[in-house]
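Let's take a friendly walk through a protein fold, starting with a sheet and moving on to helices. Have the model open beside you as you read.

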Amino acid sequence: MAELRYLIIVLGDQLDLDASAFDGFDASVDAVWMAEVVEESTHVWSSKPRITMFLSAMRHFALALEDAGRPLHYTRMHASHNVGLAAQLEADIVRLKPAGLVMTAPGDWRVLRLIKDTAEANALALDIREDRHFFSSVRDFAAHAKGRKSLRMEYFYREQRKRHQILMDDDQPVGGQWNFDADNRESFGKAGPDAVPAPKRFGPDSVTREAIDFVNDRFADHPGRLEDFAWPVTRTQALESLHAFIRERLPLFGRFQDAMWPDDPWLYHSHLSAALNLKLLNPREVVAAAEAAHRDGVAPLASVEGFIRQILGWREYVRGIYWTQMPGYLERNALDAQHDLPAWYWNGATDMACLRDALTQTLTHGYANHIQRLMVTGLYTLMLGVQPKQVHDWYLAVYVDAVEWVELPNTLGMSQYADGGMMASKPYIATGKYIQRMSPHCKSCRYDPAQKSGDRACPFTTLYWDFLMRHEAMLAKNPRMALQVKNLARISDAEKHAVIERAAAIRAGEVGLTHE
Ligand SMILES: Cc1cc2nc3c(=O)[nH]c(=O)nc-3n(C[C@H](O)[C@H](O)[C@H](O)COP(=O)(O)OP(=O)(O)OC[C@H]3O[C@@H](n4cnc5c(N)ncnc54)[C@H](O)[C@@H]3O)c2cc1C
Ligand code: SF4
């Protein structure tokens, strides 16, 4: 066999035949390296849907590499014997003796460290190339961030729109405004969602079936279920999902972006995050398809702008935050939250209707929409005072789209305010009345969102007032929280005492757990 020039490292979230790592690839002297390692499923207690998503998509990508004629060294996960990512790479370096390593910049700080250390230990050159999947580079974000006191998404997003000429008329936003949030906050009302299109789902083929059987066996004690696994795991399927979304859901995406409905996990969302994060889809093609839908009159501007903002704005912004703030970001705990994550987050066994619904669908599908993540599961842990790292471990474990560069800033920054306001201008706290406005869950719940204390008090409402009291001094300094803090003065001392007592009972696990 000819000497191996470059070993091209491809990670489970780098499944793109056009990635920069393949620039200059020569099948006569180069080869691709991929490995399934248990460590990546156990460093957080990954759910079965998430592990299956990665295994199935990686195995399908291996077939695509074969079709493209690119030699591949692929290690499959075994039921018993397995080594970590670094040890597997090291063993293959010794066996294959490449002259150098090439890869597209990984999404995870931990993985970058690990691969750099392995290359160094083996005295091998490692060529890490820009990840051109994204619209902007980390350097672009760092330049934007330089000298700014706060890093709000909105300003970065407007820069992105101008730089990439997306939804722009020369230097002005199409439609005359940057933001259509005010049009995008409807709930479904009493009647509920009307004829939501059936979601695009893909029944498991033999490759996915095999991955499902393996995961059910090898990771039997991990959270989640696989009976309903039907995610796109190939580029062709991901493109089908994209086109179905643009046609069928995008027109109403904006209007119902923040709404929730019991037992309907899909609604008008795109469900494209996993396909994007594993790089089966390119954000440019997703944004271009949405922009074309507006031009062609398929979807209204408010919906299209709302959708593009998520991808061109939020997705790129959180990546910039991650790479400019790591590794210290992982340790942030601005509110000194020290409580443990309730054990029922891993099985959904709570009597709170909104949380039970969000957790059940999370464990069944590995999916929840943004509002469920931010204003149900995340809101509860924020107000309960759960240690941010434990919250981070949970979000990284349970969703099929979970990769650290996007999950961590959303969890620590947006949802838990653990970065002290770098991302969010205030902690996102709310009583159960917010959930009552956005969904009908409260009607079927044993708790009452209007009550702060007593046996029927909604735990969200109790914890909201408890949070305000616990952090009053800090919150009073924030002009965006002033009104909420002032409302504390309207509550009697006796009521405050009752709230504190009830919050203590919630923390002690005496409230919220279902004993079914
Ligand atoms: C606590 C918390 C944890 C999260 N963890 C993840 C995660 O691990 N992986 C992940 O992809 N998203 C994460 N998000 C962001 C968001 O909730 C998901 O991207 C979205 O719910 C995925 O569903 P969808 O594809 O139907 O999205 P849609 O509502 O259809 O949105 C379209 C796309 O925009 C992007 N997007 C939307 N919101 C965000 C956001 N806040 N940050 C980055 N991209 C965004 C996604 O790629 C998404 O596919 C998290 C949000 C919170 C509050
Ligand atoms: S009453 Fe409270 S716990 Fe119950 S569904 Fe409403 S917000 Fe959730």
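Five strands build an open sheet in the order S3-S2-S1-S4-S5, and their pairing is parallel. Strands S3 (72-75) and S5 (125-129) stand at the edges with a single partner strand each, so one side of each has no neighbour in the sheet. On average, neighbouring strands of this sheet are turned by 25 degrees against each other, direction ignored. Here, two strands pair if DSSP finds at least two bridges between them; strands (E, at least two residues) and helices (H or I, at least four) are DSSP runs numbered from the N terminus.

This is a predicted model, where local features need pLDDT of at least 70, side-chain atom pairs count only at pLDDT 80 or more, and totals for chains, interfaces and linings use all residues. Residues are numbered from 1 along each chain as its sequence is written, chains are lettered from A and ligands numbered from 1 in the order in which they are written, and side-chain values use heavy atoms, leaving out hydrogens and water.

Strand S2 (residues 31-35) pairs with S3 in the parallel sense over four bridges, and Ala35 stands opposite Thr75 in S3.

Two helices lie across strands of the sheet, with angles that run from 0 to 180 degrees between N-to-C directions of axes fitted to C-alpha atoms, for helices over the stretch in contact:

| Helix | Lies across | Angle |
|---|---|---|
| H2 (residues 48-67) | S2 and S3 | about 160 degrees to S3 |
| H3 (residues 85-96) | S1 (6-9), S2, S3 and S4 (100-104) | about 150 degrees to S2 |

Elsewhere, helices H13 (residues 353-365) and H14 (residues 370-384) pack at about 115 degrees, with their axes 10 Å apart. H13 and H14 are therefore roughly perpendicular, a label for angles of 65 to 115 degrees.

How values were computed
Contact = heavy atoms within 4.5 Å. Parallel < 35°, antiparallel > 145°, perpendicular 65-115°, else oblique.
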